[in-house]
Amino acid sequence: MQLSRNLIELKAELSPMKTTWYCPLDLSTVAEEEDDGVIYTVVVKQHAAPHGPMPAVCRSQCVKAGTEEKLVLHLLHSFSMGDSSYITIFLSTYRSFTSTERVLDILTDRLENPPGDSERSHVRQSFNKAVCTVFRTWLSEYPEDFQSLGNPSCLLRLAPLLPQDSSSAADLRAQLLRIAEELSEKALLLHSRRDQFSLDSPPPDPSLFEPTSVLGFPSSLIAEQLTKIETELFVRLVPYHCLGSLWSQRDKKGREGVCWSVRATVRQFNKLANAVLASCLWPTKLRSQQRARLLEKWIGVAEECRARKNFSSLYAVVSALKSNPIHRLRRTWHDTDREALRRYEELAEIFSDKDNYSQTRELLKEEGTSKFANLDNRINNRHISRSNAQGTVPYLGIFLTDLTMLDTAVKDRLDNGYINFDKRRREFEVLAQIRLLQSSCKNCVFVSDETFLQWYHSVPTLTEEQSYRLSNEIEPVEQSPRSLAPSVIITQCPDLSTSRSSLSGDGEGFFDFHSPVNNLLSKLTKHMRSPSVSCLDVDTSPPTNESTPASLTPSTPTKSHRRSASCGNNPVASVQGSGPEMRIIKIRMELHDGNLYRSILVTSNDKTPTVVSSALEKHNQDPKQASRYELIQLLPEGKELVIPPTGNVFYAMSSSSVDFLLRRKGGNTPFGSPSISPETSATFPRIKAKGRRLVRTLF
């Protein structure tokens, strides 16, 4: 009872407070405390002292939300306040809510007015140490932030203000001045790094392409070369490029260079999937038995990729084999070796969307940082040298899915306008997993095989229409004319409850997926089916002849041979459960600086003004101007569906598309894009209307 009274008294001293939770079992108090533009989560713990009647009290606090300026300045105070991970999290995620130039300006202003009466005071020395820690970490982890600055003036202003009393500060000063000199000479290292990622090559000559030549390469050699390409791309991947708020800006005018490291992985994924399609479909005159040997070859390559923990290439191969142009070739599959088919089904099961890729996540947990794959003698790995450790190259779409869901489901700002830094902590937990896997790939050594690479780069790019035409030449359609046009479905994952989390432990082979981000997503997805990023290329620009087949999504083969379309960063999610039905739609808005989109969570109770206001806010426009805009759904064949001004968006929208346009009333309708009414659109979803309790309780 005495301890309880002491805790109550201690709780009263923590003011001003917004919320307080008392935990008598572990003798700790968790509270929220607001102070000068920052909301802290404060944890006060009491430990029994070895000597004396009074328990020892430990108090720590971490930032939950705050203004832009206060979040930047907290970099200099985080260690002293017990928020040891703040610097790392901030530097990984700050691009979601501010810019490098703005952060440097705020820090420089603070350095011009340092605390303490003299250079030798304890307060000044602690401040100087914090300054050196922040900039040393920043320059070490993200040098491209400084190298991509448009003007060196901010660095020239900052460098003289760094502390003068240590060799570490002198090194930092010299490094900043060197970067400033490079900027002034227009020697931007970021451009050269982007060039290294360019997979563009001269258009291949189809006459030089020999599809069956792939049979002459051992499966182990092909897998080794693909793993080499994927590993080099993955090691150089910039994790924060995967953030949902940045990835969604890649189509914005003037932002073509955004997320360039993710784009490189996208191109490689689609290039490999296209190689599988082209090698199996291009030689239309082969007998079914001969074509079956090509399928068996790629199944062998997939096995070897699995043995090398190259999940990205494995997924690309499996996706291509499951795509409709190949999947519909019944005679070819009938002539394929039964044992090869059995192994193929085992490999495909790895990427089952059941429980949100739970099997893939379990493999990452078991093998993420281990030296070798746990094959259990099921895969022939005699070609793999056990003396060389194998890094893990994940399928990046899983991380993009989680980050997209976080960006869509969690608000960027609180109701009082403060930046929601708790959201950034959750995003960082996903980014940290990427960085851990990258560390497992840094010491991998590969040898190039120029003969295979020459064949690989000679593969012509097939459009979706070309793939279907070749497939129909091989095995003409035998059923009704209706089957000529494959239907399109959106693949969905039923749950994000196993989504990931912070990484713990340095133990080999341990990859922990349990964390606060998992708790958040599990609450949401108990009622919500989340989308999968089935194909990494989620570019929303119109397809061209140079584009790869748009949808190489793995989907469970069915007798109707439905082709699966990738959701990418424009997911659609139907909610099923006790809460309101929901969908995630993609809303474009024509702005002066380009045409970009944002993902919006729509419930079955949302009316048009609510959705329009949310979309305007997502696009950094004034939500109070919602009455001046109309919401239009973009349907196939260039048609448009105008959502009624006071209608229920969820019920009024067609199920055939998740693309919407926000347009000022009175704007011109694009030529060839007739508007249609709900009565003439596709079948609407039939669902029960529920309250908005789910969203309110979760967020």
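Predicted model: local features only at pLDDT ≥ 70, side-chain atom pairs only at ≥ 80, totals over all residues.
Local features need pLDDT of at least 70 and side-chain atom pairs pLDDT 80 or more, while totals for chains, interfaces and linings use all residues. Residues are numbered from 1 along each chain, and side-chain values use heavy atoms, without hydrogens and water.

A nonpolar core is a set of buried Ala, Val, Leu, Ile, Met, Phe, Trp, Tyr and Cys residues joined through side-chain atoms within 4.5 Å. Buried means under 20% relative accessible area (1.4 Å probe, protein chains only). The largest such core has 128 residues. Phe-90, Phe-135, Trp-138, Leu-155 and Trp-298 have the most contacts inside it. Helix H12 (residues 260-281) gives the largest share, 13 residues. Helices are DSSP runs (H or I, at least four residues), numbered from the N terminus. The core lies between domain 1 (67-188) and domain 2 (206-369 + 391-469), because both give residues to it. The domain bounds come from an automatic or database assignment. Apart from this core lies another, of 21 residues, including Val-611 and Phe-660.

Helix H14 (residues 311-322) packs against helix H17 (residues 338-350) at about 115°, with axes 10 Å apart. Axes are lines fitted to C-alpha atoms over the stretch in contact, and angles run from 0 to 180 degrees between N-to-C directions. H14 and H17 are therefore roughly perpendicular (65 to 115 degrees). Helix H19 (residues 396-409) and helix H20 (residues 421-441) cross at roughly 170°, their axes coming within 10 Å. That makes H19 roughly antiparallel (over 145 degrees) to H20.

Methods: Buried < 20%, exposed > 50% of the residue type's maximum accessible area, 1.4 Å probe, protein only. Helix = DSSP H or I, 4+ residues; strand = E, 2+ residues; numbered from the N terminus. Parallel < 35°, antiparallel > 145°, perpendicular 65-115°, else oblique.
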